[in-house]
Amino acid sequence: MDPVEYEMLRHTWFPVARVADLLDGVAGGAILGEELVVYGEGRDVTVAEGFCPHRGVALRLGRTRDGALECPYHGWRFAGGSGRCTRVPSLPPGREGTRAALRTFPARVAYGLVWSCLAEPSLPFPELPVGIDDTWQLAAGEPYTLGCGMRQLTENFRDKAHFPFVHANTMGDVSKVVNSYRIARDGWQLGWSSSLRSEDAPDEFAEKFSHRLDYHITLPMFASIRVSSPSGGRRLVAQMATPLTADGLRVRQFWLVGVDSAAAAGGAELADVLAYERQVFEEDHPIVENQQPIEAPLDLHSQLHTPADKFSITYRRVYSELLERFKERS
Ligand code: FES
Ligand SMILES: [Fe+2]
């Protein structure tokens, strides 16, 4: 990975674990090769270096005791928030002191996920698109670990031309033609809308049978689609990609689904939306794990494009601009 990109991503918020996956209050995670441990409860979580400073045991194997993280090997305890060591059980009574502490990182809970950042965040925390508010029900799907780059996965998420080929089983017979579309940009956010209709819907009923798709991306990698159904309800699917390794060639894919109150009133169940999107993602995985290069190239001349790829081209351009901006500032 380009050193400027590596540095920029160290200053970027990424999800590291799903709240639901904190077993005994503890979960493991990683960003750019830095192994992390997440510990705590509810919104009160700490993200710290992943290995015990005593003998280097992976702290994700530990458990929480009174809000502190207990190492599974010799029971050293590390406080929530500060990471300070508060107990070394092998010391005789009265000799509890140690100056040891875990290195901690910024931590935040949002959308059922614990987020962190390896260095002072240089971009605002990514919000869901406008209109996805507290009236929506949200759920986080189980994360996947994939052998592909963050941008490759982000581009796949918005690529509409692959639907009839990769998703014939889940999406049915959708149109292969991608009509031209306009991309709206607001700072580091991109959005555009399109519709998806069944190939066999007659033209005069196109509107009635069409789902409206509102795409949204907050760079570098927080992507979502809000699908408005012809009958009125809306649902959401969002994807985030966390680079796990320093070379950026392995990622953890986090994802969310949501339904608005109209969809819920119409009988839409979060569990069904999760099951459907899980199937869609699993159809994508053999594709995104078998692309060369493993990360989407920023050099626009190194691949061929069609007008349907307008989003990818814009994304790569704006991503390059984001890198430039970061370089100027640092
Ligand atoms: S390795 Fe963690 S307490 Fe000894
Ligand atoms: Fe896909």
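**Overall fold and local features of the predicted model**

Of the 330 residues in the protein chain, 34% are buried. The structure is a predicted model. Eight helices and 19 strands are present in the protein chain. Along the principal axes, the C-alpha atoms occupy a box of roughly 85 × 50 × 30 Å. Among contacts between residues at least 6 apart in sequence, 58% link residues at least 24 apart.

Two domains were assigned in the protein chain: domain 1 covers residues 3-116 and domain 2 covers residues 137-329. A distance of 32 Å separates the C-alpha centres of domain 1 and domain 2. Domain 1 contributes 18 residues to the contact, and domain 2 contributes 16 residues. On the side of domain 1 that touches domain 2, at least two residues each come from α1 (3-10), β1 (14-18) and β2. The most is given by α1, with five residues. By residue class, this side of domain 1 consists of 13 nonpolar, three polar and two charged residues.

The strand β2 also belongs to an open sheet of four strands, arranged in the order β2-β3-β4-β9 with antiparallel pairing. At the edges of this sheet are β2 (26-31) and β9 (104-105), each of which pairs on one side only. In general, strands of a sheet pair through backbone hydrogen bonds. The antiparallel strands β2 and β3 (residues 34-41) are joined by six bridges. In one of the bridges, I31 is partnered by E34 of β3.

Positive phi values were found at two residues other than glycine, D24 and D66. For D24, phi is about 50 degrees. D24 is located in the loop between β1 and β2. This residue counts as partly exposed because 13 C-beta neighbours lie inside 10 Å. For D66, phi is near 50 degrees. The position of D66 is in the loop between β5 (63-65) and β6. D66 is exposed, since 10 other C-beta atoms are within 10 Å, and the cut-off for an exposed residue is 12 or fewer.

The loop between β6 (68-70) and β7 (77-78) contains G75. With 14 C-beta neighbours inside 10 Å, G75 is classed as partly exposed. When neighbours within four places in sequence are left aside, the contacts of G75 are with E70 and P89. G75 and P89 are separated by 14 residues in sequence, and their C-alpha atoms by 6.4 Å in space.

Cis peptide bonds were identified between L219 and P220 and between Q292 and P293. For the bond joining L219 and P220, omega is about 10 degrees. P220 lies in the loop that runs between β16 (211-218) and β17 (222-228). For the bond from Q292 to P293, omega is near -10 degrees. P293 is placed in the loop between α7 (270-288) and α8 (310-329).

Definitions and conventions
Residues numbered from 1 in each chain as written. Chains lettered and ligands numbered in written order. Predicted model: local features only at pLDDT ≥ 70, side-chain atom pairs only at ≥ 80, totals over all residues. Buried ≥ 20, exposed ≤ 12 C-beta atoms within 10 Å, placed from the backbone. Contact = placed C-beta atoms within 7 Å. Pairing = 2+ DSSP bridges. Domains from an automatic or database assignment. Nonpolar A, V, L, I, M, F, W, Y, C, P; charged D, E, K, R; others polar.
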